[in-house]
Amino acid sequence: MADNSFDVVSDYEQHEMANAVDQTLREMRTRYDLKNSKSTLEFAGETITIAAESEHIVTSIVDVLESKMVRRDLSLKVLKPGKIEPAAGSTYRLVVALQRGIDQDLARDMSKTIRAELPKL
């Protein structure tokens, strides 16, 4: 009897993500609306932290980052942004988690749904 199974792999290339962040930093230094803003973008393994003077600038930086990711064939589904929250010194911060794969709870729910929906052969 054949044993059927499938694996779902959701991963991103670390090197390509670092390149997308670097390109975003370069554009932040040259773009007219972001040039003189005191904004930062930090890439630390599994998270990207964006800090800026206003919520509008934070969302602009996220848009630039997403466009750079698309150009490098990185899926936007790996981004799990949190809420924009006030930080020290009248700045705003956004922490974006980078998701690798799916968590066990979601995988368990998916497996139960598939088994319930499809009959065994």
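**Group meeting: a walk through one predicted chain**

Let's start at S39. This residue sits in the loop between α1 (14–30) and β1 (40–44). One caution before going on: this is a predicted model.

Is S39 buried or exposed? Its relative accessibility is 16%, so S39 counts as buried; the cut-off for buried is under 20%. And what does S39 touch, once neighbours within four places in sequence are left aside? The contacts are M28, L34, A51, A52, I57 and I61.

Now step back to the whole chain. The secondary structure comes to 3 helices and 5 strands. Along the sequence, the pattern reads α-β-β-α-β-β-β-α.

Next, the overall dimensions. The chain has a radius of gyration of 19 Å. A compact globule of 121 residues would have one near 14 Å. Along the principal axes, the C-alpha atoms fill a box of roughly 65 × 30 × 20 Å.

What about burial? Of the 121 residues in the chain, 26% are buried. The accessible surface comes to about 8700 Å². Carbon and sulfur atoms own 51% of that surface.

On to charges. How many salt bridges does the structure hold? There are 6. I'll show a few.

R72 lies in the loop between α2 and β3, and E16 lies in helix α1, so the pair ties together parts that are 56 residues apart in sequence. Look at the accessibility of the two partners. E16 has a relative accessible area of 19%, so E16 is buried. R72 has 25%, so R72 is partly exposed.

The side chain of R31 meets that of E27 in a salt bridge, 3.8 Å from N to O. R31 also meets D33, here at 2.8 Å, N to O. Salt bridges that share partners join E27, R31, D33 and K68 into one network. How exposed are its members? E27 is partly exposed, with a relative accessible area of 22%. R31 is partly exposed too, at 25%. D33 is also partly exposed, at 29%.

Back to the loop between α2 and β3 for another residue. K77 lies in that loop, which runs between α2 (55–71) and β3 (79–81). Its relative accessible area is 69%, so K77 is exposed. The cut-off for exposed is over 50%. How far is K77 from Y12? In sequence, they are 65 residues apart. In space, the distance is 9.9 Å, C-alpha to C-alpha.

Last stop: the nonpolar surface. Which residues make the nonpolar patch? They are I102, L106, M110, I114 and L118. Together they form a patch of about 400 Å². Take L106 as one of them. L106 lies in helix α3, residues 104–117. With 40% relative accessibility, L106 counts as partly exposed.

To recap. S39 is buried in its loop between α1 and β1. E27, R31, D33 and K68 share one network of salt bridges. And L106 belongs to the nonpolar patch. I'm happy to take questions.

Methods. Residues numbered from 1 in each chain as written. Predicted model: local features only at pLDDT ≥ 70, side-chain atom pairs only at ≥ 80, totals over all residues. Heavy atoms only, no water. Patch = residues over 30% accessible without salt bridge, like charges linked within 9 Å, V, L, I, M, F, W, Y side chains within 5 Å. Areas by Shrake-Rupley, 256 points an atom, 1.4 Å probe, with all protein chains shown as cover. Salt bridge = Lys/Arg side-chain N within 4 Å of Asp/Glu carboxyl O. Helix = DSSP H or I, 4+ residues; strand = E, 2+ residues; numbered from the N terminus. Buried < 20%, exposed > 50% of the residue type's maximum accessible area, 1.4 Å probe, protein only. Rg over C-alpha atoms; globule rule 2.2 N^0.38 Å. Contact = heavy atoms within 4.5 Å.
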